[in-house]
Amino acid sequence: SLAGAANQKLERGEWIAQLREGQVFRVAETRESGGQTYLKLADQDGWVFSTGVAGDWSGRAIVAPVRQEDALEAELEAFKESVTRRVFQTDQDVASVAFIAGVLVFALLINLYISLNTGAD
């Protein structure tokens, strides 16, 4: 079903359900209605409010423009996070890679130890 496909995309990190505080995003379009500005996301589906609508954020600005230099740095960080989400889809993936990395480091240390001790004879 369409709902099931959407849920799978959310779980894989292809769709982001919400933006994190401090996250930088590009805007493709803006629309205003009833005192609220809506920002259409340029790099993914969805819209963002410019002003909070509930709780402590109600009536307060929740987005702000950023300098070009900050935007480029944020894009690099977002790219790294996207790759990480795709490579490490579960905690088991992270644990597997950490285990393999540990085994490789251990093997390198053993090899170095052997090389140093056999070269001294």
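Tutor: Arginine 67 is exposed, with a relative accessible area of 53%. Keep in mind that this is a predicted model.

Student: Which salt bridge does arginine 67 form with a glutamate?

Tutor: Arginine 67 pairs with glutamate 69, and the closest N and O atoms are 3.9 Å apart. Arginine 67 also meets the side chain of aspartate 70 in a salt bridge, at 3.2 Å from N to O.

Student: Is aspartate 70 buried, exposed or partly exposed?

Tutor: Aspartate 70 counts as partly exposed, because its relative accessibility is 33% and that class runs between 20% and 50%.

Student: How many salt bridges does the structure hold?

Tutor: Five. One of them joins lysine 80 to glutamate 77, with the closest N and O atoms 3.4 Å apart.

Student: Where do lysine 80 and glutamate 77 lie?

Tutor: Both are in helix H2, three residues apart, which is about one turn of the helix. Lysine 80 is partly exposed at 42% relative accessibility, and glutamate 77 is partly exposed at 40%. As for networks, salt bridges with shared partners connect Arg67, Glu69 and Asp70 into one.

Student: What is the span of H2?

Tutor: From its first C-alpha to its last, H2 reaches 29 Å. It has 20 residues, and the span is close to the 28 Å expected at 1.5 Å a residue.

Student: Which residues of H2 are buried?

Tutor: Ala71, Ala74 and Ser82 are buried. Looking down the axis of H2, the buried residues fall within an arc of 85°, so they line one face of the helix.

Student: And which ones are exposed on the other side?

Tutor: Glu69, Leu72, Glu73, Leu76 and Phe79 are exposed there.

Student: Switching topic. What does valine 24 contact, apart from its neighbours within four places in sequence?

Tutor: Valine 24 is in contact with Val66, Ala71 and Ala74. Ala71 and Ala74 are among the buried residues of H2. Valine 24 itself belongs to the loop between helix H1 (2–12) and strand S1 (27–33), and at 28% relative accessibility it counts as partly exposed.

Student: How far apart are valine 24 and proline 65?

Tutor: They are separated by 41 residues in sequence and by 8.8 Å in space, C-alpha to C-alpha.

Student: OK, the surface now. Which residues form the nonpolar patch?

Tutor: Phe49, Val53, Trp57 and Ile62 form it, and together they have about 370 Å² of accessible area. Tryptophan 57 sits in the loop between strand S3 (47–49) and helix H2 (68–87). Its relative accessible area is 39%, so tryptophan 57 is partly exposed.

Student: What is the accessible surface for the chain?

Tutor: About 9900 Å², with 58% of that belonging to carbon and sulfur atoms. Of the 121 residues, 9% count as buried.

Student: Last one. What pattern does the chain follow along the sequence?

Tutor: The pattern is α-β-β-β-α-α, with three helices and three strands. Among contacts between residues at least 6 apart in sequence, 18% join residues at least 24 apart.

Definitions and conventions:
Residues numbered from 1 in each chain as written. Predicted model: local features only at pLDDT ≥ 70, side-chain atom pairs only at ≥ 80, totals over all residues. Heavy atoms only, no water. Patch = residues over 30% accessible without salt bridge, like charges linked within 9 Å, V, L, I, M, F, W, Y side chains within 5 Å. Areas by Shrake-Rupley, 256 points an atom, 1.4 Å probe, with all protein chains shown as cover. Salt bridge = Lys/Arg side-chain N within 4 Å of Asp/Glu carboxyl O. Helix = DSSP H or I, 4+ residues; strand = E, 2+ residues; numbered from the N terminus. Buried < 20%, exposed > 50% of the residue type's maximum accessible area, 1.4 Å probe, protein only. Expected span 1.5 Å × (residues − 1). Arc of directions from axis to C-beta. Contact = heavy atoms within 4.5 Å.
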